[in-house]
Amino acid sequence: MFKATITDAFELSTKEGYLVLMLNHVEGDPEIGDHIQINDLSGTVIEVGEPGIRDRACLTGRHVPRHGGILVDIGTTEITGLYKSEITGGIEPDAL
């Protein structure tokens, strides 16, 4: 299971209904095939960006929250209202 905050979202021009979501403050690890919930939308993780969800320190040595990108299929390319929304994943589809 994972939770995160969406910091950016954009449409993947080659696949209708697919969105690339940039995530911050990621707890847990998204995996391909995870069922997700964003507000009143549900879908599936199609791909996790390389090198995955990152956890590192900035140049000053201060901790930077875990972040990364995922490709999702939520059946819409409407990104209005996704910014700063919470995404939850790795949940059973019946729980959606």
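I started with a pairing: arginine 54 has histidine 67 as its bridge partner in E6. This is a predicted model, where local features need pLDDT of at least 70, side-chain atom pairs count only at pLDDT 80 or more, and totals for chains, interfaces and linings use all residues. Residues are numbered from 1 along each chain as its sequence is written, and side-chain values use heavy atoms, with hydrogens and water left out.

Next I placed histidine 67: it sits in strand E6, residues 63-73 (strands, E, are DSSP runs of at least two residues, numbered from the N terminus).

Is histidine 67 buried or exposed? I found histidine 67 buried, at a relative accessible area of 16% (buried means under 20%, exposed over 50%, partly exposed in between, with a 1.4 Å probe and protein chains only). E6 is largely enclosed by the rest of the structure, because eight of its eleven residues are buried.

I then listed contacts (heavy atoms within 4.5 Å). Beyond its neighbours within four places in sequence, histidine 67 touches several residues, including Leu23, Val26, Ile53 and Arg54.

Last, I checked which strands pair with E6 (pairing needs at least two DSSP bridges between two strands). E5, residues 54-57, is joined to E6 by three bridges and runs antiparallel to it. E2, residues 18-27, pairs with E6 in the antiparallel sense over seven bridges, and leucine 19 has valine 72 as its partner there. E4, residues 41-48, is also antiparallel to E6, over four bridges, and valine 45 stands opposite valine 72.
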